[in-house]
Amino acid sequence: MESLLVYLGDGDTIKENAALLSGKECWSLSGLQVIGAVFGALLEEERAFLYGAGAQTLIEITENETSYWKADTRAKILTDLLKQNKGTLLFLGDTIQEREIGARVCAAMGWPGWNHIVSVESEGERKRIRRLAYGKCLLEEISLRQPSVMSFLLRPRQLANGTGGELVSYSADHIRPFGQAECVEEIREPVEDIDLEKAEIVIGGGNGLGGRENFELLRELAIRLGGAVAATRPVIEAGWAPRNRQVGQSGKSISPELYLAFGISGASQHISGMINAKYVVAVNTDAEAPIFQYADYGIVGDVNEILPKLLQDLK
């Protein structure tokens, strides 16, 4: 029996990626055994949750690497599991780390890979996928037959009604990485109180803020609104905010209920990362700034005059 392998990862990633086990994205692919790959041992309640989410088989993987950088080794492990279980599809999330793992599996298996996927449906022997392309500004539909690696940008929210399944232990002691790279140092970025990709309110800042001290006003606003701070690539490169705050094509993709854009012109690279926001409010001195094309509400004005007044009103 052919199988669909779902990369569940470890830690918090397991619960997030559990949605990839469920809904039409899995069950419409008739005839495939749904296998969840977990790195580390699960608690009994975690196993029950994943079976309930739709896993028919769970594989608990014991790694032989302790390095923080694991993409190469994990790609080799997933490749081995695909071969052992007659895998024809690999599902992952769409984070930078997961896309790296997926790309390495593609190279090893000789499969095509697809990122930024919104949905996948079965059409007989073919699969029809919908994905965001061209900087996530265009919805592309592709019909394919061959085995593939798929990274999902938007994950299904409904859960299947699975009741149980098989548990398999897998030791990766025999696995060696594809390449020769190794982690020589870990540099951890500062952790924010609210995860940018999960925040319902995001306050974004761009070059129009004029300096680091003005960017700090966004942090104060975020605290008062219970939101998270985001930034454009130029702001990151200027050192006003850590890199894990970057939203855009080369940063994170977000889908908050409300996105407040201060001093952001609206370059396509940034728009691709916030296009899924439900409501957008933009403040910019340039009435012709592209950001206003995507805004539900726009204010033409100096952000450094408007921000202090907004904070004062909130106080």
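**A glycine and an arginine**

G31 is exposed because its relative accessible area is 55% (over 50% is exposed, under 20% buried, in between partly exposed; 1.4 Å probe, protein chains only). The model is predicted, so local features need pLDDT of at least 70 and side-chain atom pairs 80 or more, while totals for chains, interfaces and linings use all residues. Residues are numbered from 1 along each chain as its sequence is written, and side-chain values use heavy atoms, without hydrogens and water.

G31 sits in the loop that runs from helix 2 (24–27) to strand 2 (33–39). Helices (H or I, at least four residues) and strands (E, at least two) are DSSP runs numbered from the N terminus. Setting aside residues up to four places away in sequence, G31 touches M1 and E2; contact means heavy atoms within 4.5 Å. E2 is 29 residues from G31 along the chain, and their C-alpha atoms are 7.3 Å apart.

R131, in strand 6 (residues 126–133), counts as buried because its relative accessibility is 15%. Beyond its neighbours within four places in sequence, R131 has contacts that include W114, H116, V118, L138 and I142. The side chains of R131 and E140 form a polar contact of 2.6 Å (N or O atoms within 3.5 Å; within protein, one able to donate a hydrogen and the other to accept it, with residues adjacent in sequence counting only if both atoms are side-chain atoms). A polar atom of the R131 side chain also lies 3.0 Å from the backbone oxygen of N115.

As for the whole chain, buried residues make up 48% of its 315 residues, and it has 9 helices and 14 strands.
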